[in-house]
Amino acid sequence: MPTNSSFQPVILHASDDGSDVERGLRLSKSIKANPQCSDSVFLVINHSAITAAPSIHREDIPAGVEVYACATALSTHKIAQESLDPAIHVVPSGIVFIAEQQRHQAFYIRL
């Protein structure tokens, strides 16, 4: 699960549209490139944006970025967890995961 870092993680939340996922991957690369930002980024995918999750492959995920898919959204959209790249972590609830991370002082950005 989440890694230790010298900065608090940044959570990018892709929820509304599959294009949010692509944008999140792009933005995470920019965040990682800036030494004044966090050295770990969590891209959390839920709701309608989950439809883009099966198209993500390990090579699409920048180093230091962790991608989390919501199991509830996968089920709602009838997407099998097995269709996801093994680099994508599946959490029971994307919203609960975000809340837990914020309790540990993670920064939140909704896409």
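Predicted model: local features only at pLDDT ≥ 70, side-chain atom pairs only at ≥ 80, totals over all residues.
**Entry 1: overall make-up**

I began with the secondary structure and found 3 helices and 5 strands in the protein. Read from the N terminus, the elements follow the pattern β-α-β-β-α-β-α-β. I then looked up the radius of gyration, which is 13 Å and close to the 13 Å that the globule rule gives for 111 residues, so the protein is as compact as a globular protein of that length. Along the principal axes, the C-alpha atoms fill a box of roughly 40 × 30 × 25 Å. For burial, I noted that 43% of the 111 residues are buried.

**Entry 2: the sheet**

In what order do the strands of the open sheet stand? I read the order as β4-β3-β2-β1-β5, an open sheet of 5 strands with parallel pairing. The edges are taken by β4 and β5, each of which has a single partner strand, so one side of each is left without a neighbour in the sheet. With direction ignored, neighbouring strands of this sheet are turned by 25° against each other on average.

I went through two of the pairings in detail. Strand β2, residues 41–45, is joined to β3 by 5 bridges, and the two run parallel; within this part of the sheet, Ile45 has Ala69 of β3 as its bridge partner. On the β4 side, strand β3 (residues 65–70) pairs with β4 (residues 88–91) over 4 bridges, again in the parallel sense, and here Val67 stands opposite Ile88 in β4. I followed the chain from β3 to β4 and saw that it passes through helix α2, residues 71–76, in a β-α-β crossover that is right-handed.

**Entry 3: salt bridges**

How many salt bridges does the structure hold by the rule applied here? The count comes to 3, and I took each pair in turn.

I then turned to Arg23 and Asp20, whose side chains form a salt bridge at 2.9 Å, N to O. Both residues lie in helix α1 and are 3 residues apart, about one turn of the helix. Arg23 counts as partly exposed at 32% relative accessibility, while Asp20, with a relative accessible area of 7%, is buried because this value is under 20%.

The remaining pair is Arg26 with Glu22, where the closest N and O atoms are 3.5 Å apart. These two residues also lie in helix α1, 4 residues apart, about one turn of the helix. I noted Glu22 as exposed, since its relative accessible area of 54% is over 50%.

**Entry 4: cysteines**

I searched for disulfides and recorded 0 of them in the structure. I also looked up the setting of Cys37 and of Cys70: Cys37 is partly exposed, with a relative accessible area of 29%, whereas Cys70 is buried at 5%.

**Entry 5: positive phi**

Which backbone angles called for a note?

His47 is not a glycine, yet its phi is positive at about 45°. His47 sits in the loop between β2 and β3, and I noted it as partly exposed at 47% relative accessibility.

Lys78 likewise has a positive phi, near 55°, in a residue other than glycine. Lys78 is placed in the loop between α2 and β4, and at 76% relative accessibility Lys78 counts as exposed.

Conventions
Residues numbered from 1 in each chain as written. Heavy atoms only, no water. Pairing = 2+ DSSP bridges. Right-handed = clockwise from strand over helix to strand, strands pointing away. Disulfide = S-S within 2.5 Å. Buried < 20%, exposed > 50% of the residue type's maximum accessible area, 1.4 Å probe, protein only. Salt bridge = Lys/Arg side-chain N within 4 Å of Asp/Glu carboxyl O. Axes fitted to C-alpha atoms, helices over the stretch in contact; angles between N-to-C directions. Rg over C-alpha atoms; globule rule 2.2 N^0.38 Å.
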